[in-house]
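Dear colleague,

Please find below the structure that I am handing over to you. My findings follow it, grouped by topic.

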Amino acid sequence: MSQGGRDLRLEGVTKRFGDFVAVDDLTLSVPQGSFFALLGPSGCGKTTTLRIIAGLEDPTQGQVFIGEEDITGLRPYKRPVNTVFQSYALFPHLSIAENVAFGLRRRGIKDFKSRTRDMLGLVQLEPYADRRPAQLSGGQQQRVALARALVNEPGVLLLDEPLGALDLKLRRQMQIELKRIQTEIDVTFVHVTHDQEEAMTMADTIAVMNNGVIEQMGHPEELYENPETTFVANFLGQSNLIVTEVLSSSPERVSVDCHGQQLEIDSARSHTDSGRGWLGVRPEKITATARGAEGRNGANLLSGGRVSDVSFVGVSTQYLVAMPWGQELMVFEQNTGQRAQLRNGDEVDLAWAPEHAFLLDARQDAHAGVMTPEDLE
Amino acid sequence: MATTLTRGASGAATSGGTARQAPPRKPRLGRWMADRAVLFIGILVLVYTFVPIGYIIALSFNQPSGRSATAAFEAFTWGNWSTICDPDGLCESIRLSFAVSITATILATVLGTLMAFALVRHSFRGRAASNLVIFLPMATPEVVMGASLLAMFVSLGFDSVLGFITIVLAHVLFCLSFVVVTVKARLVGMDSRLEQAAMDLYANEWQTFRRVTLPLAMPGIVAAALLAFSLSFDDFIVTNFTAGQSVTFPLYVYGSKLKGFPPQLFVVGSLMFLVSFAIVIGGELWRRRRP
């Protein structure tokens with residue numbers, strides 16, 4: 001089934017529900033055989049995008065292509081696309097084997113029995129072939145949903161929050177399993193999720209969506225280390241965002257003034273070059289040391305901090321450091337045992353390498369993409 | 001469980017003499033009655049429910065001295081069970097009842113199922129009003145419905161054809177709302193994502209309906225059909241108004257009250273009970289076999 005040039009492409013796809021724009025002029029290309037994640041909070045348009053690709057929703061504008069074929073107007077059952085639905089949507093009146101064989105039989109494929117058996121073998125559910133979906137656990141149902149879609153050898157497999165209903169431990173197992181299967185069968189996976197860790201674990205490319213548009217797209221590491229917007233900086237992991245004033249910029253470095261202290265940032269990670277900017281630095285990139293203990297050594301040094309909170313979480317210790325201008329910065333330190341733990345009230349300097357910081361346009365909301373637990377449900 | 005109990009007991013023993021022993025409970029009559037009050041009342045209610053049925057079955061074996069049955073059991077006989085059709089018009093009335101009920105059930109189930117689909121799946125002008133109006137036949141007193149139907153049939157000049165057709169028309173009318181309500185309840189609870197999943201798995205509109213929608217709606221449709229059948233089969237009031245000279249089984253029973261019940265009536269009554277009982281038991285066994 002898999003042949004070269006079966007990339008999935010969306011061109012200028014827009015979906016409006018009344019006045020609400022769910023997907024706004026979306027253009028993206030997913031290379032064949034890659035694992036692509038659409039990541040964003042609920043209501044960002046990621047599921048609508050998925051349903052447009054599946055044909056369950058018609059775009060208001062724009063086109064969807066697989067390879068050179070325009071599939072925009074095709075009915076769902078005419079598309080070489082299959083979906084693993086959120087909460088699986090298994091047919092309750094059919095056995096597991098009948099569920100998996102459903103697509104093959106509708107297309108009149110003769111050897112549906114052996115193909116079904118092989119697929120149940122791949123997801124390790126052969127002994128359950130004659131059971132009903134209601135007799136299976138959540139993780140098993142999830143594998144049936146996957147098998148039911150994959151057995152059709154689709155050009156593109158769409159996964160709509162497929163792991164959302166599983167508990168954390170099972171979810172981690174399934175993430176690894178999904179990635180393994182994807183690598184084995186070389187099918188394009190488009191995975192919709194709000195779980196940034198899940199997206200980073202599995203995807204080759206992540207597109208972070210917000211309000212119907214893609215904020216940033218790239219390799220997980222690139223998105224994490226060099227976010228271009230405050231939304232991405234906050235939605236993927238956690239970030240300290242400190243307001244600064246740009247002093248000067250050269251092709252290599254940008255210098256900024258941060259409440260009277262001068263800091264440097266790699267130009268490649270600087271997304272603004274004049275006026276005010278958010279200096280961003282990840283909590284695990286910062287080293288907190290007792291005041292004056294270390295020299296600068298080319299690192300950025302921010303002094304005047306005072307430890308205001310210490311939480312020991314086993315593998316690491318998370319500090320909150322109150323800065324003279326009233327902001328509290330997060331610092332995570334691995335518990336390697338090399339350094340003594342800091343205590344509440346300790347006076348500290350914060351240091352990090354210039355290539356570990358990034359600079360964002362200060363007109364953006366510093367709290368964009370900060371997720372409260374309610375947002376994640 | 002056993003481990004827990006043992007551990008609990010040894011724990012109590014090792015904690016020394018402080019372990020409090022529950023005093024042996026003395027059996028008291030009041031306590032004994034209180035424990036069994038629910039059971040006792042339950043049995044009474046069941047007896048109350050089953051007495052008329054038992055009475056009918058018993059009388060079906062009665063050999064009355066006169067031509068018609070009396071309330072008293074006189075002598076035992078199998079005779080009534082082999083001579084069901086002997087009384088004048090009894091079997092004709094049963095045949096007519098079946099013809100009417102089956103026709104009305106099929107028509108009401110098909111129409112009602114289509115209506116339920118329309119009301120649940122599509123939004124159209126007047127949907128809210130239809131949802132309300134469909135309850136009216138259920139809420140209308142049967143006497144009113146029967147009388148108004150008769151008046152209407154007569155004024156339309158149907159008085160010469162009063163019989164099978166008019167009874168069926170009337171029965172479809174009042175069965176319809178029950179079918180719509182029953183099927184609707186099933187459809188509302190159905191996940192539309194299952195149909196989307198079918199479409200995603202290469203089933204076109206007809207295959208999706210045939211393979212997913214219909215099988216899932218089927219329990220509701222079957223329940224609706226059974227309900228329609230039983231409503232139609234034992235309807236007396238509306239039928240009485242719309243039957244003209246035709247006699248259905250309920251009308252026959254009512255008519256024979258004047259002449260005295262033939263004992264075969266009790267045989268038919270027993271049979272009806274036994275058949276429905278068998279259906280219920282069979283359904284229950286089938287349900288348990290397939291989870």
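**The disulfide**

The torsion about the S-S bond of Cys85(B) and Cys91(B) is about -95°, so this disulfide is left-handed. The sulfur atoms of Cys85(B) and Cys91(B) are 1.9 Å apart. Please note that the model is a predicted one. Over all chains, the structure holds one disulfide. Cys91(B) has a relative accessibility of 9% and therefore counts as buried, the limit being 20%. Two further cysteines may be noted here. Cys258(A) is buried, with a relative accessibility of 0%, and for Cys175(B) the value is 0%, so that Cys175(B) is buried as well.

**Chain A as a whole**

Chain A contains eight helices and 20 strands. Its 377 residues include 53% that count as buried. Along the principal axes, the C-alpha atoms of chain A fill a box of roughly 75 × 45 × 35 Å. The accessible surface of chain A is about 16,500 Å², and carbon and sulfur atoms account for 47% of that surface. If one takes the contacts in chain A between residues at least 6 apart in sequence, 67% of them join residues at least 24 apart.

Chain A has an open sheet of four strands in the order E2-E1-E4-E5, and the pairing is antiparallel. Strand E2 (20–30) and strand E5 (69–70) of chain A are the edge strands, each of them pairing on one side only. Within the sheet, strand E1 (residues 8–17) and strand E4 (residues 61–66) of chain A are joined in the antiparallel sense by five bridges. Arg9(A) has Phe65(A) in E4(A) as its bridge partner.

Helix H1 (residues 46–54) of chain A packs on this sheet and touches E1, E2 and E4 of chain A. The direction of H1(A) makes about 115° with that of E1(A). How many of the nine residues of H1(A) are buried? Seven are, and the helix is accordingly described as mostly covered. The buried residues of H1(A) are Lys46(A), Thr48(A), Thr49(A), Leu50(A), Ile52(A), Ile53(A) and Ala54(A).

Strand E11 (residues 240–249) and strand E12 (residues 253–258) of chain A pair in the antiparallel sense over four bridges. A hairpin with three residues connects E11(A) to E12(A). Glu245(A) has Asp257(A) in E12(A) as its bridge partner.

E12(A) is also joined to strand E13 (residues 261–266) of chain A, by six bridges and in antiparallel fashion. Here Arg253(A) stands opposite Asp266(A) in E13(A). The hairpin of E12(A) and E13(A) has two residues between the strands, and in this hairpin His259(A) takes a positive phi near 45°.

Most residues other than glycine have a negative phi. Which kind of residue is Asp25(A), in terms of its position and exposure? Asp25(A) lies in strand E2 of chain A; its relative accessible area is 52%, over the limit of 50%, so it is exposed. Although Asp25(A) is not a glycine, it has a positive phi of about 50°.

Ser87(A), which is not a glycine either, has a positive phi of about 60°. Ser87(A) lies in the loop between strand E6 (81–84) and helix H2 (96–106) of chain A. With a relative accessibility of 39%, Ser87(A) falls between the limits of 20% and 50% and therefore counts as partly exposed.

**The interface between chains A and B**

The size of an interface is often given as the accessible area lost when the parts come together. Between chain A and chain B, the buried area is about 2,200 Å², and carbon and sulfur atoms give 60% of it. Which three residues supply more than any others of the area that chain A buries against chain B? Tyr77(A), His93(A) and Arg106(A) do so, with 30% of that area. In terms of contacts, 27 residues of chain A meet 19 residues of chain B.

Yours sincerely

Terms used
Residues are numbered from 1 along each chain as its sequence is written. Chains are lettered from A and ligands numbered from 1 in the order in which they are written. This is a predicted model: local features need pLDDT of at least 70, side-chain atom pairs count only at pLDDT 80 or more; totals for chains, interfaces and linings use all residues. Side-chain values use heavy atoms; hydrogens and water are left out. Two strands pair if DSSP finds at least two bridges between them. Contact means heavy atoms within 4.5 Å. Axes are lines fitted to C-alpha atoms, for helices over the stretch in contact, and angles run from 0 to 180 degrees between N-to-C directions. A disulfide is a pair of cysteine sulfur atoms within 2.5 Å. Buried means under 20% relative accessible area, exposed over 50%, partly exposed in between (1.4 Å probe, protein chains only). Accessible areas come from the Shrake-Rupley method with a 1.4 Å probe; for residues, only the protein chains shown count as cover. Buried area is the accessible area (1.4 Å probe) that two parts lose on being put together, summed over both.
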